[in-house]
Amino acid sequence: MKQNACPAVSRSWRAGDLMSKRFVSKRFGIGLLFACVTALLLPVLVVVVDMIFLHQTMINSIYKNVEDISDATEMPTTVTSFQSGPDVVSTIGGSGDGLNCSLPGLANMFFHGMKNRHGQSALVLQRFRQACVFHDLCYRHGLATYGYNQNDCDRVLQNAALRLCYVWNPLEGKARCQTESKMVLAGVSLGGSDAYRAWDRSTYFEFESDPWRSNGFSVSRVVDHPFKSVDREKYRDEPDQVILNFDNVRSNLTVTCVTCKQVPVLREKTSDRYDTTEELRSVGITQLPDALLQHTGQQLSDTSPVWLPPRRRHAAPHLLVDSTGKNHLIWVTRNNPGDTISCIVLADTARLLTYTLPKRDNCSSDAASQLTMVEVDMFATSPLVMELPASKESIFAIALSVSREDDGSLSFCSRSASRNVDRPPMKKDDDKADCIPIDKSVVRNGAGLGAFQNFAIIRPGQQILFARDIVTSPASLWTRISRSLRGIKYSPDGVMLVIDVTAASAEKGSVKPRLKKAVRFKIEDRLDPMMPISRNIDDLRFLGLENTENQVSVRMIDFAKENPAVGDVKLEMNKTEVNLHPSWASRPLLVLETRGPNPKTRLVFSRGAIAVDPHKPLDNESEIVESPNLPFDGTKPQTESLALETLIFERDATPSSDKPFVKKSAVACVVKYTFRRHEEFPCYRSFDPKRPMRSSPAARMQASQLLVGHFAGRGGYGIAFPEYCESGPPIILRQNEDGTLVPEKSLVGAAGTFTRQVTCDPLDSNEYVSGPIKSTPDMTISAADWPYQP
C-alpha cells in the first residue's frame with residue numbers, strides 16, 4: 001500500500017476533526033494542498049535560508065585563510081604572454097573554450113553586494129574575472145607546464161580573489177575579503193572541480209609570470225646561433241638557430257643547447273689567463289676568471305648553470321628580438337610576494353653558454369656579473385619588457401599599476417632595464433619606476449581594473465591590452481534582479497587600449513606613454529584570449545579560437561574598425577574548405593610571421609593521443625622482477641606509443657589580406673618508446689588512464705611544448721617537440737622544399753635502456769583532420785577499428 005504523503009492531515013481526518021462532508025469538500029482540498037506544500041517545501045526553505053545566512057560560517061570553518069598581504073594596493077599576478085621564437089607572433093592557449101568564471105549565476109546571492117570606492121557595483125563573475133582567467137588556464141595547462149596540481153590552482157585562485165576584493169574596496173577590510181576569497185574557492189570546488197586536466201589532457205602553455213608554487217619546470221626558446229657570426233668555419237655544420245632548454249628546479253637554473261653539436265667553446269686546462277677563445281672574447285672576456293682556469297673544457301652542447309640572484313622565484317625568460325635582430329633573454333623576477341620589487345636580468349645566448357658566475361649575490365652592477373642586473377620597484381605584480389628603438393637604453397621594464405593613484409586609476413610605469421640605479425643625493429627614488437596616470441575616462445576611477453584581465457601584448461614602442469568591463473551598466477529594476485539571480489555568464493563589453501610609448505628627451509628621463517586609440521567592443525569572452533596576427537604596429541587584427549561540439553573555428557577581429565565584429569577565417573586543404581576537429585585546439589595554436597622580403601603568416605596546429613588498449617591490462621606483474629640495487633635489471637622491455645600530428649596553414653602577411661589560409665604542410669607521426677620498466681620513475685612506466693596524475697614518456701610528449709624555427713639541419717626550417725625524458729634530443733621535423741615534414745632523426749636513445757623511434761607519413765585527408773585523432777595499440781593510423789579520442 002502506498003504511504004500517505006501528508007500523514008498529519010490523514011490523522012486529522014480519522015479523528016473526526018472536520019464537522020461535515022460539505023465542510024470537508026470546501027476546506028479540505030485547500031488545507032491538504034497547503035499542508036502538502038508546506039511539508040515538501042519547508043526543508044528546502046530551511047536549507048536555502050541556512051545557505052544564505054550561514055554559508056559564510058560554514059565556509060570559514062572549512063577553508064583556511066591564505067597568507068595576509070602587506071602590499072594590499074596592487075592587483076594579483078596577471079597571466080602573461082611569452083614568445084618562444086623569433087618568428088612567433090602569439091601563442092593561443094585555453095583550448096578554444098574561452099576564459100571566464102564558471103561560477104553559477106546564483107552565486108551572486110551569496111556574496112555581499114559591496115560597491116567600490118566610487119559607488120560602482122559589479123557582479124561576482126565580473127569582479128573576480130581576473131582570478132578566474134588564471135584559474136581556467138591553470139586547470140587546462142598548469143600540470144604540463146609547471147607541475148601544478150589541482151590544489152595549487154585553487155590556492156592561487158584564493159590568493160588572487162583576496163587581492164581583487166581588497167583592491168575593489170579597501171574600506172571593506174581584509175577579514176571580509178578573506179571570506180569572499182574562500183567563497184570563490186568553494187564555488188569553483190563545488191561546480192568546476194572536474195574541469196582539472198591531468199596528464200591525459202593537460203598541454204604545455206606558458207601563462208605564469210610568478211610560478212611560486214612550482215617545484216620545477218622546463219621551458220625552451222628558439223634563438224639565433226650565438227657564435228656562427230663569430231667563426232663561420234668552425235660552426236659551418238651548426239643550424240642558423242638553436243633550441244635552448246632551461247630547467248628550473250626551485251629557481252636553480254641550468255641551460256642546455258639541445259640542438260648544438262659537441263663543439264668546444266673553452267680551452268682545455270689552461271693556466272694562462274689570456275688564453276681565451278673567440279667565443280669568450282665575443283662576450284667581452286679577455287682574461288679568464290679563476291673559475292675557468294684549469295677548466296676541463298666546455299662543449300657548446302653541455303649543460304651549464306645560469307647564475308641568477310638567489311633567494312628569488314625565477315620564472316621563464318622573455319625573448320625579445322630588437323629592431324636590429326638581436327635576441328635578448330630577460331628575466332623579470334619579483335623578490336617576494338609581499339612587495340612589488342623586481343629583479344630584472346638581461347642576457348643573451350652567448351653569455352649564457354659561456355660564463356655567468358657573479359662575484360656577489362646582488363641584483364645590481366655590484367654583482368660583477370656578465371649579465372646586466374637592475375633591481376627596482378615596478379609597483380605591479382606582473383611587469384613585462386618592451387623595446388624603444390629610438391632610445392639609448394632601448395629595453396625597458398613596463399607595468400600597469402593601480403597602486404600609484406588614490407582612486408585606483410591606472411598608471412603606466414616604466415624603468416630602464418639596463419641603467420644602474422643612482423643613489424641619493426644623485427637622484428632620489430631612482431630605484432622606483434616612473435609612473436604616469438593614463439588620463440582617459442575609460443580607465444579612470446577604477447574602471448580600468450579590467451585591463452588586468454587579459455594578456456598584455458608587447459610590440460616595439462607599443463602596448464596593447466584589453467579592458468573588459470567589470471562595473472555593471474545601469475539598467476531597469478527587473479534587469480538588475482535578473483542579473484543578480486542569473487548572473488552575466490560572459491563578459492562581452494570592453495575596450496581595447498593602444499598605448500604608444502616614446503623615449504624621453506633627457507638621458508635619464510621618464511618615457512612618454514600616449515593613449516593612441518581606445519576601441520569599444522562587444523565580443524564575448526568565449527573568444528579569449530584574443531592575440532595579434534602581426535608584429536606590425538599598425539595592424540590591429542587579432543585572432544581567437546572558438547571550440548564548438550563538432551569543430552574548432554578560427555575567428556578574426558579587426559580592432560581598427562569603429563565597431564569591431566567577429567569574422568571567420570577560412571582554412572583550405574586540397575583546394576576545398578576544411579573544418580578542423582576540436583582536438584586540434586587541445587594543444588596551443590602558434591601564430592607565426594616569417595621574416596624576409598615576402599613575409600608569410602602561418603597557423604601551426606598540433607594534437608596528440610596516447611595509445612591505450614582497453615582490452616589488455618597495462619602491466620603484466622608476473623613479468624616484472626624488481627631489484628632494489630639495480631632498478632632496471634630483471635625487467636623486460638616495455639613499449640608505449642602515441643600519435644602526434646601537425647597541420648600548418650599559410651598565406652601572405654599583408655595587412656589587407658582576407659584570403660583563406662592554405663595548407664602548407666601536414667604530417668602524422670607515430671612515436672614509440674621502449675624502456676625497462678620501473679614504476680618509481682616517470683620515464684620508465686606506461687601511462688595508466690586510471691591514474692592520470694602519473695606521467696609517462698608518451699604523456700609528457702603528448703603535452704610537450706611546440707617550437708618552430710630554423711634549427712633543422714644547416715639552417716633548415718622545422719618544428720620541434722622537446723623531450724623531457726632522459727634529457728634526450730627533441731623530436732625535430734624538417735620541412736622540405738615541397739612542404740613535407742620528415743623526422744631529422746628516426747631513432748635516438750640507448751638500446752636496452754631507453755629508446756625513442758619516430759615514423760611519419762604525410763597527412764592529406766580533409767575527412768581525417770575533420771575527425772578525431774585515431775590510434776591503435778600498435779599505432780597503425782589507418783586501422784580505424786579501435787579509435788582513441790582524447
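A salt bridge here is a side-chain nitrogen of Lys or Arg within 4 Å of a carboxyl oxygen of Asp or Glu. By that criterion, E524, R526, E546, R555 and D568 are linked in a network of salt bridges. The model is a predicted one: local features need pLDDT of at least 70, side-chain atom pairs count only at pLDDT 80 or more, and totals for chains, interfaces and linings use all residues. Residues are numbered from 1 along each chain as its sequence is written, and side-chain values use heavy atoms, with hydrogens and water left out.

Confidence comes next. The pLDDT is the predictor's confidence in each residue, from 0 to 100. The chain averages 83, and 84% of the residues score at least 70. Helix α1 (residues 7-14) has the lowest confidence, at a mean of 41, while strand β22 (residues 571-573) has the highest, at 97. Helices (H or I, at least four residues) and strands (E, at least two) are DSSP runs, numbered from the N terminus. Residues 1-28 have a pLDDT below 50, and this stretch has 15 contacts in the model beyond near neighbours in sequence. Residues 777-790 also fall below 50, with 31 such contacts. Contact means heavy atoms within 4.5 Å.

R555 forms a salt bridge with E546, with the closest N and O atoms 2.9 Å apart. Both R555 and E546 are buried. Buried means under 20% relative accessible area, exposed over 50%, and partly exposed in between (1.4 Å probe, protein chains only). R555 counts as buried because its relative accessible area is 16%. Not counting residues up to four places away in sequence, R555 touches L527, F542, L543, G544, E546, V566, G567, D568 and V569.

The whole structure holds 44 salt bridges. Side chains of opposite charge can pair when their charged atoms come close. R423 bridges to D431, with the closest N and O atoms 3.6 Å apart. D431 is partly exposed because its relative accessible area is 27%. D429 and K432 also meet in a salt bridge, at 3.7 Å from N to O. D429 is partly exposed at 39% relative accessibility, and K432 is partly exposed at 30%.

D154 presents another case. This residue lies in helix α5 (residues 150-168). D154 is buried yet has no salt bridge; R155, the nearest side chain of opposite charge, is 6.9 Å away. In that count, Lys and Arg are positive and Asp and Glu negative, while His and the chain ends are not counted. Leaving out residues up to four places away in sequence, D154 touches H135, Y139, L185, V188 and S189.

Now the nonpolar interior. A nonpolar core is a set of buried Ala, Val, Leu, Ile, Met, Phe, Trp, Tyr and Cys residues joined through side-chain atoms within 4.5 Å. The largest has 186 residues, of which M496, F559, L571, L580 and F605 touch the most other members. Helix α5 gives the largest share of this core, eleven residues. M496 has contacts that include I464, F466, V519, F542 and F559, not counting residues up to four places away in sequence.

Strand β25 (residues 600-610) is mostly covered, with ten of its eleven residues buried. Two strands pair if DSSP finds at least two bridges between them. Strand β24 (residues 589-593) pairs with β25 in the antiparallel sense over four bridges. On the other pairing, β25 and strand β26 (residues 637-652) are antiparallel over eleven bridges. V604 in β25 stands opposite L590, and V604 also stands opposite I648 in β26. The hairpin of β24 and β25 has six residues between the strands, and there G596 takes a positive phi near 135 degrees.

Some backbone details remain. The peptide bond from D528 to P529 is cis, with omega near 0 degrees. P529 lies in the loop between β17 (512-522) and β18 (531-532). S251 is not a glycine, yet has a positive phi of about 70 degrees. S251 is in the loop between β3 (241-249) and β4 (252-257). A368, also a residue other than glycine, has a positive phi near 55 degrees. A368 belongs to the loop between α8 (349-352) and β9 (372-377).
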